[in-house]
Amino acid sequence: MIRNVQCIVVLICMLFVSAPAHSAPAADAVVGVWLDADKRGYVEIYRVADVYQGRVVGSTDGVVKNDVKNPVDAKRSQSLLGQDIIKGLTYDGQGRWQGGTIYNPDDGNTYSVRLTVVDANTLDLHGYLGVPLFGITQKWTRAEKAKAMTLQ
């Protein structure tokens, strides 16, 4: 009887040791240049202290666009290049960057945002108003910094 219990305990321990460990990505896994879901623009996500921001660093067509949908009239003639469109994200230690906002230059609105790194080259960006349940998720892909920075 004792031998059976010992065997069961050993088997359970082996299952836990041999099970693949799922670990959250490092806090800076989100840092880099990303191509948006529409494959039109490049955004560089960078870290300042413990806060993550994202700025426009280029477009796939090489054209510098102005912020024509900005709700502030005076900003509509300003270039999007170099603008921070993602602000205030913090890493939760569980593979998510949240608590920030994203500005959408296509409609001039600002949304709450949450980022999740799917793998080294894929990022899920979830934008929403109020409750995350009522939002949309886009897949962004990692881009080469040199290619994205051609407009600067």
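**Close-up 1. Salt bridges in this predicted model.** The structure holds 8 salt bridges. To count as one, a side-chain nitrogen of Lys or Arg has to sit within 4 Å of a carboxyl oxygen of Asp or Glu. The idea is simple: side chains of opposite charge can pair when their charged atoms come close. This is a predicted model, so local features need pLDDT of at least 70, side-chain atom pairs count only at pLDDT 80 or more, and totals for chains, interfaces and linings use all residues. Residues are numbered from 1 along each chain as its sequence is written, and side-chain values use heavy atoms, with hydrogens and water left out.

**Close-up 2. Glu44 and Arg55 pair up between two strands.** Look for the salt bridge between Glu44 and Arg55, where the closest N and O atoms are 3.2 Å apart. Glu44 belongs to strand β2 (residues 41-48) and Arg55 to strand β3 (residues 51-59), so the pair links distant parts of the chain, 11 residues apart. (Strands are DSSP runs of E, at least two residues, and helices are runs of H or I, at least four residues; both are numbered from the N terminus.) Glu44 is buried, at 9% relative accessible area, while Arg55 is partly exposed, at 27%. Here buried means under 20% relative accessible area, exposed means over 50%, and partly exposed is in between (1.4 Å probe, protein chains only).

**Close-up 3. Asp73 meets Arg76.** These two side chains form a salt bridge, with 2.9 Å from N to O. Asp73 is exposed, with a relative accessible area of 58%, and Arg76 counts as partly exposed at 36%.

**Close-up 4. Asp124 and Lys139 tie β7 to β8.** The salt bridge between Asp124 and Lys139 spans 2.7 Å, N to O. Because Asp124 lies in strand β7 and Lys139 in strand β8, the pair ties together parts that are 15 residues apart in sequence. Asp124 counts as buried at 18% relative accessibility, whereas Lys139 is partly exposed at 49%.

**Close-up 5. A nonpolar patch on the surface.** Val131, Leu133 and Phe134 make up this patch, with about 360 Å² of accessible area together. Patches take residues with over 30% relative accessible area and no salt bridge, joining like charges within 9 Å and nonpolar side chains (Val, Leu, Ile, Met, Phe, Trp, Tyr) within 5 Å. Accessible areas come from the Shrake-Rupley method with a 1.4 Å probe, and for residues only the protein chains shown count as cover. Phe134 lies in the loop between β7 (122-128) and β8 (135-142), and counts as exposed at 61% relative accessibility.
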